[in-house]
Amino acid sequence: MSKYFEVRWHGRGGQGTVTGAKSLAEAVQGTGKYVCAFPDYGPERRGAPVRAYDRFADERIRIHTPVLTPNVVMIVDPTLMGTPALLEGISEQTAFVVNTEKAPEDVKETLGLSNQVLHTVPANTISHRLFKREIPNSAMMGAFARACPTVISLEDLIKEAEPIFSHLLGEDLVAKNLEAIRTGYEEVKTA
């Protein structure tokens, strides 16, 4: 891992974007890495665009600034596609993980990407199937593990996420969130 591995999440208030970023950071921390996770809000209301950031490293992290040059861009809300902020600071090496049922090739075209790797996952569908509502963050975490296995494997993510979820949720919801992670991992398509 280079000095920092940085992730920028884009979503809307109420989708679990910030919780997803924080939960992913806690899981990665459980594997022995240093982490930093924090949100960047505009108006704090349901439906408003929100960003969250993760920074992972093998040494202590001493900066707490927004992620300007992400290694990965996580798009939790597909209605944000076309927003210029999604592409800020990206490079040819930036990977994308997008919550959508569309084919990855079509999403690449919509975003105007060329050589970047793009992963799609039907996180809203997975969430609706398990929770009867759209809270896509756990499925997005699973998709992240598929896209970035050198940061965290699926096995480590499941192992580390279980106690994190147990502090927040009841037993039934913990099991469903772990299933969302597994299903998100399995249903990734890549272009």
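Predicted model: local features only at pLDDT ≥ 70, side-chain atom pairs only at ≥ 80, totals over all residues.

From α1, the residues Ser 23, Leu 24, Glu 26 and Ala 27 meet Leu 157, Glu 160, Ile 164 and Phe 165 of α5.

Now to the geometry. Two packed helices are described by the angle between their axes and the distance between the axes. Helix α1 covers residues 17-29 and helix α5 covers residues 154-168; they pack at an angle of about 120°, and their axes lie 8 Å apart. That angle makes α1 oblique to α5. The crossing in which α1 passes α5 is right-handed.

I turn next to the pairing of α5 with helix α6, residues 171-186. How do these two helices run relative to each other? Their axes cross at roughly 155° and come within 9 Å. An angle over 145° counts as roughly antiparallel, and α5 and α6 are therefore roughly antiparallel to each other. Here too the crossing, that of α5 past α6, is right-handed.

As to the residues involved, α5 contributes Leu 154, Leu 157, Ile 158, Ala 161, Glu 162, Phe 165 and Ser 166, while α6 contributes Val 174, Asn 177, Leu 178, Ile 181, Arg 182 and Tyr 185. The residues of this α5 contact with α6 divide into nine nonpolar, two polar and two charged.

Finally, I would draw attention to Leu 157 and Phe 165 of α5: both are listed in the contact with α1, and both are listed in the contact with α6. Thank you.

Note on methods
Residues numbered from 1 in each chain as written. Heavy atoms only, no water. Axes fitted to C-alpha atoms, helices over the stretch in contact; angles between N-to-C directions. Helix = DSSP H or I, 4+ residues; strand = E, 2+ residues; numbered from the N terminus. Parallel < 35°, antiparallel > 145°, perpendicular 65-115°, else oblique. Left-handed = near helix turned anticlockwise from the far one by under 90°. Contact = heavy atoms within 4.5 Å. Nonpolar A, V, L, I, M, F, W, Y, C, P; charged D, E, K, R; others polar.
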